[in-house]
Protein chains: 2
Amino acid sequence: MGSLADYIEEYIKRLFQEATRDVIEIQRSQLAKMFGCVPSQINYVLSTRFTVENGYIVESRRGGGGYIRVIKINRRALPDVSAMIADGLGDALTEAEADRMLDRLQDLGLITEGERLSAKAVLSRELTGIPRELSPLVRARLLRGILTLILRQ
Amino acid sequence: MGSLADYIEEYIKRLFQEATRDVIEIQRSQLAKMFGCVPSQINYVLSTRFTVENGYIVESRRGGGGYIRVIKINRRALPDVSAMIADGLGDALTEAEADRMLDRLQDLGLITEGERLSAKAVLSRELTGIPRELSPLVRARLLRGILTLILRQ
DNA sequence: GAGGTGAAGGTCAAAGAAGGTCAAAATTTC
DNA sequence: GAAATTTTGACCTTCTTTGACCTTCACCTC
(Lines give C-alpha, C1' and ligand atoms only; values in the text may rest on other atoms or scores of the structure.)
Protein backbone atom coordinates (compact mmCIF):
# COMPACT_ATOMS: atom_id res chain seq x y z
CA MET A 1 0.00 0.00 0.00
CA GLY A 2 1.36 3.32 -0.91
CA SER A 3 1.47 3.78 -4.63
CA LEU A 4 -0.23 6.70 -6.26
CA ALA A 5 -2.67 4.30 -7.85
CA ASP A 6 -3.62 3.09 -4.38
CA TYR A 7 -4.35 6.58 -3.18
CA ILE A 8 -6.48 7.35 -6.18
CA GLU A 9 -8.35 4.11 -5.64
CA GLU A 10 -8.93 5.03 -2.01
CA TYR A 11 -10.12 8.44 -2.95
CA ILE A 12 -12.67 7.09 -5.39
CA LYS A 13 -13.91 4.60 -2.86
CA ARG A 14 -14.33 7.37 -0.36
CA LEU A 15 -16.48 9.17 -2.89
CA PHE A 16 -18.77 6.17 -2.86
CA GLN A 17 -19.09 6.33 0.91
CA GLU A 18 -20.14 9.92 0.70
CA ALA A 19 -22.54 9.35 -2.16
CA THR A 20 -26.17 8.50 -1.60
CA ARG A 21 -26.41 6.24 -4.62
CA ASP A 22 -23.99 3.63 -5.91
CA VAL A 23 -22.89 5.96 -8.64
CA ILE A 24 -20.18 8.58 -8.62
CA GLU A 25 -18.89 10.86 -11.29
CA ILE A 26 -15.44 12.26 -11.76
CA GLN A 27 -13.61 14.37 -14.27
CA ARG A 28 -10.46 12.75 -15.44
CA SER A 29 -8.35 15.82 -15.96
CA GLN A 30 -9.48 17.44 -12.75
CA LEU A 31 -8.71 14.34 -10.72
CA ALA A 32 -5.36 14.04 -12.41
CA LYS A 33 -4.55 17.60 -11.51
CA MET A 34 -5.63 16.95 -7.96
CA PHE A 35 -3.16 14.08 -7.67
CA GLY A 36 -0.52 15.77 -9.75
CA CYS A 37 -0.33 13.03 -12.32
CA VAL A 38 -1.06 12.52 -15.99
CA PRO A 39 -4.69 11.89 -16.92
CA SER A 40 -4.04 8.41 -18.19
CA GLN A 41 -3.07 7.43 -14.68
CA ILE A 42 -6.75 7.68 -13.85
CA ASN A 43 -7.54 5.23 -16.60
CA TYR A 44 -4.97 2.91 -15.17
CA VAL A 45 -6.59 2.97 -11.77
CA LEU A 46 -10.04 2.48 -13.22
CA SER A 47 -9.03 -0.38 -15.42
CA THR A 48 -7.14 -2.24 -12.74
CA ARG A 49 -9.26 -1.49 -9.67
CA PHE A 50 -12.76 -0.78 -10.81
CA THR A 51 -13.37 -3.76 -13.02
CA VAL A 52 -16.49 -5.80 -13.41
CA GLU A 53 -14.82 -8.59 -11.49
CA ASN A 54 -14.43 -6.21 -8.62
CA GLY A 55 -18.04 -5.18 -8.85
CA TYR A 56 -17.86 -1.95 -10.77
CA ILE A 57 -18.88 -0.64 -14.15
CA VAL A 58 -17.25 2.40 -15.66
CA GLU A 59 -18.97 4.62 -18.20
CA SER A 60 -17.68 7.78 -19.72
CA ARG A 61 -18.33 10.49 -22.23
CA ARG A 62 -15.85 12.60 -24.14
CA GLY A 63 -16.06 16.14 -25.31
CA GLY A 64 -17.28 19.22 -23.55
CA GLY A 65 -19.08 18.32 -20.36
CA GLY A 66 -17.43 14.92 -20.49
CA TYR A 67 -17.22 12.75 -17.40
CA ILE A 68 -16.33 9.35 -16.06
CA ARG A 69 -19.05 7.58 -14.13
CA VAL A 70 -18.29 4.68 -11.86
CA ILE A 71 -21.15 2.43 -10.83
CA LYS A 72 -21.00 -0.12 -8.07
CA ILE A 73 -22.93 -3.22 -9.02
CA ASN A 74 -24.74 -5.28 -6.55
CA ARG A 75 -23.78 -8.88 -6.90
CA ARG A 76 -25.10 -10.31 -3.70
CA ALA A 77 -27.45 -12.43 -5.75
CA LEU A 78 -24.82 -14.30 -7.70
CA PRO A 79 -24.73 -17.74 -6.12
CA ASP A 80 -21.31 -19.34 -5.82
CA VAL A 81 -22.44 -22.22 -7.90
CA SER A 82 -23.14 -20.08 -10.87
CA ALA A 83 -19.96 -18.17 -10.42
CA MET A 84 -18.04 -21.40 -10.32
CA ILE A 85 -19.69 -22.71 -13.40
CA ALA A 86 -19.19 -19.48 -15.24
CA ASP A 87 -15.58 -19.23 -14.20
CA GLY A 88 -14.78 -22.84 -14.82
CA LEU A 89 -16.31 -22.84 -18.20
CA GLY A 90 -13.05 -22.14 -19.89
CA ASP A 91 -12.02 -20.25 -22.93
CA ALA A 92 -13.11 -22.59 -25.67
CA LEU A 93 -15.98 -25.03 -26.00
CA THR A 94 -17.09 -27.50 -28.61
CA GLU A 95 -20.76 -27.72 -29.35
CA ALA A 96 -20.98 -31.04 -27.56
CA GLU A 97 -19.36 -29.60 -24.45
CA ALA A 98 -21.77 -26.70 -24.45
CA ASP A 99 -24.71 -29.07 -24.75
CA ARG A 100 -23.45 -31.20 -21.93
CA MET A 101 -22.99 -28.20 -19.71
CA LEU A 102 -26.51 -26.98 -20.37
CA ASP A 103 -27.92 -30.42 -19.69
CA ARG A 104 -26.08 -30.61 -16.42
CA LEU A 105 -27.31 -27.18 -15.35
CA GLN A 106 -30.84 -28.21 -16.11
CA ASP A 107 -30.37 -31.44 -14.17
CA LEU A 108 -29.15 -29.42 -11.23
CA GLY A 109 -32.25 -27.32 -11.43
CA LEU A 110 -30.28 -24.16 -12.06
CA ILE A 111 -31.94 -23.45 -15.36
CA THR A 112 -35.29 -24.44 -16.76
CA GLU A 113 -35.84 -26.39 -19.92
CA GLY A 114 -37.01 -23.23 -21.62
CA GLU A 115 -33.84 -21.47 -20.65
CA ARG A 116 -31.73 -24.32 -21.89
CA LEU A 117 -33.49 -24.26 -25.24
CA SER A 118 -33.19 -20.50 -25.52
CA ALA A 119 -29.54 -20.76 -24.79
CA LYS A 120 -29.10 -23.36 -27.48
CA ALA A 121 -31.04 -21.28 -29.95
CA VAL A 122 -28.97 -18.20 -29.28
CA LEU A 123 -25.76 -20.18 -29.49
CA SER A 124 -26.62 -21.70 -32.80
CA ARG A 125 -27.87 -18.46 -34.24
CA GLU A 126 -24.97 -16.30 -33.19
CA LEU A 127 -22.38 -18.78 -34.33
CA THR A 128 -23.46 -18.96 -37.93
CA GLY A 129 -20.94 -17.38 -40.18
CA ILE A 130 -18.18 -17.46 -37.60
CA PRO A 131 -14.97 -18.98 -38.95
CA ARG A 132 -14.57 -22.55 -37.81
CA GLU A 133 -11.44 -21.98 -35.83
CA LEU A 134 -13.07 -19.21 -33.85
CA SER A 135 -16.28 -21.02 -32.99
CA PRO A 136 -15.10 -22.60 -29.74
CA LEU A 137 -13.85 -19.29 -28.47
CA VAL A 138 -16.96 -17.32 -29.36
CA ARG A 139 -19.14 -20.16 -28.12
CA ALA A 140 -17.51 -20.09 -24.71
CA ARG A 141 -17.97 -16.34 -24.41
CA LEU A 142 -21.53 -16.48 -25.53
CA LEU A 143 -22.44 -19.29 -23.23
CA ARG A 144 -20.85 -17.62 -20.27
CA GLY A 145 -22.69 -14.42 -21.08
CA ILE A 146 -25.97 -16.27 -21.43
CA LEU A 147 -25.50 -18.05 -18.14
CA THR A 148 -24.55 -14.90 -16.35
CA LEU A 149 -27.75 -13.31 -17.54
CA ILE A 150 -29.96 -16.26 -16.71
CA LEU A 151 -28.48 -16.89 -13.31
CA ARG A 152 -28.47 -13.29 -12.27
CA GLN A 153 -31.86 -12.69 -10.64
CA MET B 1 -24.66 15.51 -16.97
CA GLY B 2 -23.39 18.96 -17.32
CA SER B 3 -22.97 20.33 -20.80
CA LEU B 4 -25.15 23.06 -22.16
CA ALA B 5 -26.53 20.60 -24.65
CA ASP B 6 -27.62 18.40 -21.76
CA TYR B 7 -29.50 21.24 -20.10
CA ILE B 8 -31.27 22.17 -23.27
CA GLU B 9 -32.21 18.55 -23.78
CA GLU B 10 -33.58 18.40 -20.26
CA TYR B 11 -35.55 21.57 -20.78
CA ILE B 12 -37.18 20.26 -23.91
CA LYS B 13 -38.04 17.00 -22.24
CA ARG B 14 -39.62 18.91 -19.41
CA LEU B 15 -41.78 20.71 -21.94
CA PHE B 16 -43.09 17.32 -22.98
CA GLN B 17 -43.99 16.46 -19.42
CA GLU B 18 -45.97 19.61 -19.10
CA ALA B 19 -47.65 19.23 -22.44
CA THR B 20 -50.92 17.40 -22.82
CA ARG B 21 -50.05 15.95 -26.20
CA ASP B 22 -46.85 14.42 -27.47
CA VAL B 23 -46.03 17.52 -29.42
CA ILE B 24 -44.25 20.66 -28.36
CA GLU B 25 -43.25 23.77 -30.21
CA ILE B 26 -40.30 26.02 -29.63
CA GLN B 27 -38.74 29.04 -31.21
CA ARG B 28 -35.13 28.57 -31.97
CA SER B 29 -33.87 32.08 -31.43
CA GLN B 30 -35.90 32.58 -28.30
CA LEU B 31 -34.63 29.34 -26.76
CA ALA B 32 -31.10 30.26 -27.74
CA LYS B 33 -31.46 33.58 -26.00
CA MET B 34 -32.86 31.87 -22.95
CA PHE B 35 -29.77 29.67 -22.70
CA GLY B 36 -27.39 32.37 -23.78
CA CYS B 37 -26.06 30.49 -26.75
CA VAL B 38 -26.02 30.70 -30.51
CA PRO B 39 -29.14 29.47 -32.28
CA SER B 40 -27.36 26.66 -34.04
CA GLN B 41 -26.74 25.10 -30.65
CA ILE B 42 -30.43 24.30 -30.61
CA ASN B 43 -30.07 22.47 -33.90
CA TYR B 44 -27.21 20.54 -32.45
CA VAL B 45 -29.27 19.39 -29.51
CA LEU B 46 -32.18 18.47 -31.73
CA SER B 47 -30.07 16.53 -34.17
CA THR B 48 -28.18 14.60 -31.55
CA ARG B 49 -30.86 14.00 -28.91
CA PHE B 50 -34.21 14.13 -30.63
CA THR B 51 -33.63 11.75 -33.46
CA VAL B 52 -35.99 9.20 -34.89
CA GLU B 53 -33.87 6.53 -33.32
CA ASN B 54 -34.51 8.10 -29.98
CA GLY B 55 -38.20 8.25 -30.68
CA TYR B 56 -38.72 11.81 -31.88
CA ILE B 57 -39.55 13.60 -35.07
CA VAL B 58 -38.60 17.23 -35.64
CA GLU B 59 -40.44 19.51 -38.02
CA SER B 60 -39.91 23.18 -38.61
CA ARG B 61 -40.85 26.16 -40.67
CA ARG B 62 -38.77 29.20 -41.52
CA GLY B 63 -39.73 32.75 -42.07
CA GLY B 64 -41.93 35.01 -40.06
CA GLY B 65 -43.95 33.02 -37.58
CA GLY B 66 -41.51 30.15 -37.96
CA TYR B 67 -41.25 27.42 -35.37
CA ILE B 68 -39.69 24.10 -34.51
CA ARG B 69 -42.04 21.31 -33.60
CA VAL B 70 -40.85 18.22 -31.79
CA ILE B 71 -43.06 15.16 -31.82
CA LYS B 72 -42.65 12.16 -29.60
CA ILE B 73 -43.28 8.93 -31.45
CA ASN B 74 -45.94 6.72 -30.06
CA ARG B 75 -44.58 3.95 -27.90
CA ARG B 76 -47.22 1.39 -28.65
CA ALA B 77 -45.56 0.70 -31.94
CA LEU B 78 -42.31 -0.31 -30.33
CA PRO B 79 -42.35 -4.04 -29.63
CA ASP B 80 -41.49 -4.86 -33.23
CA VAL B 81 -38.82 -2.26 -33.14
CA SER B 82 -36.98 -4.26 -30.56
CA ALA B 83 -36.85 -7.28 -32.81
CA MET B 84 -35.76 -5.07 -35.64
CA ILE B 85 -33.01 -3.62 -33.59
CA ALA B 86 -31.78 -7.02 -32.58
CA ASP B 87 -31.92 -8.19 -36.18
CA GLY B 88 -30.41 -5.13 -37.72
CA LEU B 89 -27.65 -4.90 -35.25
CA GLY B 90 -25.05 -5.89 -37.76
CA ASP B 91 -21.97 -8.01 -37.69
CA ALA B 92 -19.52 -5.75 -35.92
CA LEU B 93 -19.90 -3.17 -33.20
CA THR B 94 -17.57 -0.79 -31.46
CA GLU B 95 -17.93 -0.39 -27.75
CA ALA B 96 -19.44 3.05 -28.25
CA GLU B 97 -22.02 1.67 -30.64
CA ALA B 98 -22.99 -1.06 -28.22
CA ASP B 99 -23.33 1.48 -25.43
CA ARG B 100 -25.43 3.75 -27.54
CA MET B 101 -27.70 0.91 -28.50
CA LEU B 102 -28.21 -0.09 -24.88
CA ASP B 103 -28.88 3.49 -23.86
CA ARG B 104 -31.42 3.80 -26.58
CA LEU B 105 -33.19 0.63 -25.59
CA GLN B 106 -33.34 1.85 -22.03
CA ASP B 107 -34.65 5.22 -23.12
CA LEU B 108 -37.35 3.47 -25.08
CA GLY B 109 -38.28 1.55 -22.00
CA LEU B 110 -37.49 -1.77 -23.63
CA ILE B 111 -34.88 -2.73 -21.09
CA THR B 112 -34.40 -1.65 -17.51
CA GLU B 113 -31.36 0.06 -16.13
CA GLY B 114 -30.42 -3.17 -14.41
CA GLU B 115 -30.60 -5.06 -17.66
CA ARG B 116 -28.54 -2.46 -19.39
CA LEU B 117 -25.87 -2.66 -16.74
CA SER B 118 -25.88 -6.44 -16.78
CA ALA B 119 -25.46 -6.38 -20.50
CA LYS B 120 -22.55 -4.01 -20.18
CA ALA B 121 -20.98 -6.13 -17.50
CA VAL B 122 -21.28 -9.26 -19.60
CA LEU B 123 -19.90 -7.52 -22.64
CA SER B 124 -16.96 -6.12 -20.82
CA ARG B 125 -16.16 -9.34 -19.09
CA GLU B 126 -16.49 -11.62 -22.06
CA LEU B 127 -14.42 -9.42 -24.29
CA THR B 128 -11.33 -9.30 -22.16
CA GLY B 129 -8.58 -11.27 -23.77
CA ILE B 130 -10.20 -11.26 -27.17
CA PRO B 131 -7.82 -10.08 -29.88
CA ARG B 132 -8.47 -6.52 -30.84
CA GLU B 133 -9.49 -7.21 -34.39
CA LEU B 134 -12.07 -9.73 -33.28
CA SER B 135 -13.71 -7.63 -30.58
CA PRO B 136 -16.29 -5.92 -32.79
CA LEU B 137 -17.41 -9.22 -34.20
CA VAL B 138 -17.69 -11.01 -30.89
CA ARG B 139 -19.30 -7.97 -29.32
CA ALA B 140 -22.02 -7.91 -31.94
CA ARG B 141 -22.78 -11.58 -31.41
CA LEU B 142 -22.78 -11.25 -27.68
CA LEU B 143 -25.00 -8.22 -27.67
CA ARG B 144 -27.47 -9.80 -30.04
CA GLY B 145 -27.56 -12.90 -27.90
CA ILE B 146 -28.06 -10.85 -24.77
CA LEU B 147 -30.83 -8.79 -26.31
CA THR B 148 -32.55 -11.83 -27.67
CA LEU B 149 -32.65 -13.29 -24.20
CA ILE B 150 -33.75 -10.11 -22.49
CA LEU B 151 -36.36 -9.09 -25.03
CA ARG B 152 -37.87 -12.53 -25.39
CA GLN B 153 -40.20 -12.42 -22.41
C1' DG C 1 -48.26 40.19 -58.94
C1' DA C 2 -43.15 41.37 -58.82
C1' DG C 3 -40.02 42.58 -55.93
C1' DG C 4 -38.15 43.97 -51.64
C1' DT C 5 -37.58 43.31 -46.55
C1' DG C 6 -37.14 41.45 -42.18
C1' DA C 7 -37.87 37.51 -39.46
C1' DA C 8 -37.43 33.10 -38.85
C1' DG C 9 -34.80 28.65 -39.27
C1' DG C 10 -30.67 25.65 -41.68
C1' DT C 11 -25.83 24.18 -42.73
C1' DC C 12 -21.27 23.42 -42.20
C1' DA C 13 -16.74 23.68 -40.76
C1' DA C 14 -13.38 25.26 -37.37
C1' DA C 15 -12.09 25.61 -32.63
C1' DG C 16 -12.41 23.86 -28.06
C1' DA C 17 -13.03 20.45 -24.44
C1' DA C 18 -13.17 16.31 -22.71
C1' DG C 19 -11.70 11.33 -22.42
C1' DG C 20 -9.00 6.92 -24.65
C1' DT C 21 -5.00 4.10 -26.12
C1' DC C 22 -0.67 2.21 -26.22
C1' DA C 23 3.87 1.39 -25.39
C1' DA C 24 8.15 2.85 -23.25
C1' DA C 25 10.30 4.00 -18.92
C1' DA C 26 10.51 3.61 -14.03
C1' DT C 27 9.72 1.26 -9.96
C1' DT C 28 8.55 -2.44 -6.92
C1' DT C 29 8.17 -7.24 -5.77
C1' DC C 30 9.91 -11.88 -5.38
C1' DG D 1 17.85 -9.96 -11.65
C1' DA D 2 13.40 -11.21 -13.79
C1' DA D 3 8.60 -10.40 -13.59
C1' DA D 4 4.92 -7.63 -12.40
C1' DT D 5 3.08 -3.29 -11.56
C1' DT D 6 2.98 1.59 -11.96
C1' DT D 7 3.93 5.98 -14.12
C1' DT D 8 4.40 8.97 -18.11
C1' DG D 9 3.82 11.03 -22.50
C1' DA D 10 2.79 11.22 -27.33
C1' DC D 11 -0.93 10.84 -30.21
C1' DC D 12 -6.04 9.77 -31.19
C1' DT D 13 -11.18 9.96 -31.10
C1' DT D 14 -15.43 11.85 -29.73
C1' DC D 15 -18.58 15.39 -28.39
C1' DT D 16 -19.68 20.34 -27.85
C1' DT D 17 -19.68 25.17 -28.90
C1' DT D 18 -19.42 28.99 -31.97
C1' DG D 19 -19.83 31.83 -36.01
C1' DA D 20 -20.11 32.94 -40.78
C1' DC D 21 -23.06 32.40 -44.41
C1' DC D 22 -27.49 30.43 -46.67
C1' DT D 23 -32.55 29.53 -47.44
C1' DT D 24 -37.40 30.12 -46.71
C1' DC D 25 -41.48 32.55 -45.64
C1' DA D 26 -45.03 36.25 -44.50
C1' DC D 27 -45.93 40.69 -45.56
C1' DC D 28 -45.66 45.14 -47.62
C1' DT D 29 -45.14 48.35 -51.48
C1' DC D 30 -45.63 49.68 -56.03
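This is a predicted model: local features need pLDDT of at least 70, side-chain atom pairs count only at pLDDT 80 or more; totals for chains, interfaces and linings use all residues.
Modeller: Residues are numbered from 1 along each chain as its sequence is written, chains are lettered from A and ligands numbered from 1 in the order in which they are written, and side-chain values use heavy atoms, leaving out hydrogens and water.

Colleague: Is A:Arg69 buried or exposed?

Modeller: Buried means under 20% relative accessible area, exposed over 50%, and partly exposed in between (1.4 Å probe, protein chains only). A:Arg69 has 18% relative accessibility, so this residue counts as buried.

Colleague: Which side chain makes a polar contact of 3.0 Å with the side chain of A:Arg69?

Modeller: A polar contact is a pair of N or O atoms within 3.5 Å; within protein, one must be able to donate a hydrogen and the other to accept it, and residues adjacent in sequence count only if both atoms are side-chain atoms. The side chain of A:Tyr67 joins that of A:Arg69 at 3.4 Å. The 3.0 Å partner is A:Glu25.

Colleague: How far is the polar side-chain atom of A:Gln41 from a phosphate oxygen of DNA strand D?

Modeller: A:Gln41 is among the residues that come nearest to DNA strand D. In chain B, an N or O atom in the side chain of B:Gln41 is 2.7 Å from a phosphate oxygen of DNA strand D. For A:Gln41, the distance is 2.6 Å.

Colleague: Which backbone has a polar atom 2.8 Å from a phosphate oxygen of DNA strand D?

Modeller: Of the atoms of DNA strand D within 4 Å of the protein, 60% belong to sugar or phosphate. The backbone asked for is that of A:Leu4.

Conventions. A residue is near a molecule or strand if one of its heavy atoms lies within 4 Å of it.
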